[in-house]
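Keep the structure in view as you read.

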Amino acid sequence: MNPVDILRMLALSAIWGASFLFMRIIAPEIGTIPTAFFRVSIAAGGLLVILALMRISWDFRGKFKTVLLLGVINSGIPATMYSVAAQVLPAGYSAIFNATTPLMGVLIGGVFFSEKLTPAKIAGVCLGLFGVGILTRAGPVAFDLELLMGALACLLATTCYGFAGFLARRWLDQQGGLDSRLSALGSMLGATLFLLPLFGYNAISQPPASWGGWNVWLSLLGLGLVCTAFAYILYFRLLSSIGPVKSMTVTFMIPPFGVLWGALFLDEPLSMAHVYGSVLIAGALWLVLKPTVATVATVATVSKVTAR
């Protein structure tokens, strides 16, 4: 991997780690639904501008409704769940829970999509869930019902991400596939349409006591434009450069940044539970993502054939 790709990975990890910091600032001020709605709607607006400047053709190949529905699963529900978690959890906690996404993908693939569950993957899932348990029970935040609900909200979000990965491959990669930038835009539009009636009802029936000051709205712009719209573009550049498997290693680097930003800017407490939970989840991800013997043998065979 060249230095430019390594720099992109570090930048993307830092940006996505900061998203939990921004949500922790925003959600307690304006509430769950407004936070989620403004995040995806600002991201949709940002992507519209970016695609217009890049002069991307709006050819959804007849999959516009499909990508809107995928946006509900991949963006609308997770954005809401992480906003719920941001009401009660430190930013570092949410960032670490987010790292369980590949583990959820393994479970969902095995149960619903006939993916092979190897012993290493099963061990990885168990180890990752143990890491989550260590963090919730031994971390600096007291274990109570609020902490449990916040953790469950994060895990529901990662479950949606796991389903979305398989559904995107099944729904969007057929008949030549769909431009990833259009997938990103359609996803944000679908999430915005999904959250719009919920936001309208919430704003009328239970308006927040305050819509926040300049720090909240700057955080919203950072969350929507930088951590969502720009991050999507950066991620897809990375995806095309190093491939999906290596790109998934970004997940390893998000928790340290999430914990770091929370400690630096929100004075969130640190403890050894952060280290223990992160190490266990990192080990779980390695078990899940490492190539199998069969995969390595196949790659070696292809290399020999190519060399000839």
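This is a predicted model: local features need pLDDT of at least 70, side-chain atom pairs count only at pLDDT 80 or more; totals for chains, interfaces and linings use all residues.

Searching the whole structure turns up 1 cavity of 30 Å³ or more.

Which residues line the largest cavity? They are Phe20, Met23, Arg24, Tyr82, Ala86, Leu89, Pro90, Ala91 and Ser94. At least two lining residues come from each of helix H1 (3-30), helix H3 (64-86) and helix H4 (91-98). H1 gives the largest share, with 3 residues. Sorted by class, the lining holds 7 nonpolar, 1 polar and 1 charged residues.

Now for the helices. Two packed helices are described by the angle between their axes and the distance between the axes.

| Helix pair | Angle between axes | Distance between axes |
|---|---|---|
| H1 and H3 | about 70° | 8 Å |
| H2 and H3 | about 135° | 8 Å |
| H5 and H7 | roughly 55° | within 8 Å |

**H1 with H3.** These two helices pack at about 70°, and are therefore roughly perpendicular to each other. On the H1 side, Phe20, Met23, Arg24, Ala27 and Pro28 meet Tyr82, Ser83 and Ala86 in H3. The classes in this contact are 6 nonpolar, 1 polar and 1 charged residues.

**H2 with H3.** Helix H2 covers residues 32-54 and packs against H3 at an angle of about 135°. The two are therefore oblique to each other. H2 passes H3 in a right-handed crossing. Thr32, Ile33, Thr35, Ala36 and Val40 of H2 make the contact with Ser75, Ala79, Thr80, Ser83 and Val84 of H3. How do these residues divide by class? There are 5 nonpolar, 5 polar and no charged residues.

**H5 with H7.** Helix H5 spans residues 101-112 and helix H7 spans residues 145-172. Their axes cross at roughly 55°, which makes H5 oblique to H7. Is the crossing of H5 and H7 left-handed or right-handed? The crossing is right-handed. From H5, the contact uses Thr101, Met104, Gly105, Ile108, Gly109 and Phe112. From H7, the contact uses Leu155, Thr158, Thr159, Tyr161, Gly162, Phe163 and Phe166. By class, the contact of H5 with H7 has 7 nonpolar, 6 polar and no charged residues.

Key. Residues are numbered from 1 along each chain as its sequence is written. Side-chain values use heavy atoms; hydrogens and water are left out. On a 1 Å grid over the protein atoms alone, a cavity is a set of points where a 1.4 Å probe fits but cannot get out, and a pocket is an open set with protein on both sides within 12 Å along at least five of seven lines; lining residues have an atom within 4 Å of a point. Grid points are joined across faces, edges and corners, and a volume is the space filled by probe spheres set on the points. Helices (H or I, at least four residues) and strands (E, at least two) are DSSP runs, numbered from the N terminus. Ala, Val, Leu, Ile, Met, Phe, Trp, Tyr, Cys and Pro count as nonpolar, Asp, Glu, Lys and Arg as charged, and the others, Gly among them, as polar. Axes are lines fitted to C-alpha atoms, for helices over the stretch in contact, and angles run from 0 to 180 degrees between N-to-C directions. Angles under 35 degrees count as roughly parallel, over 145 as roughly antiparallel, 65 to 115 as roughly perpendicular and the rest as oblique. A crossing is left-handed if the near helix is turned anticlockwise from the far one by less than a right angle, and right-handed if clockwise. Contact means heavy atoms within 4.5 Å.
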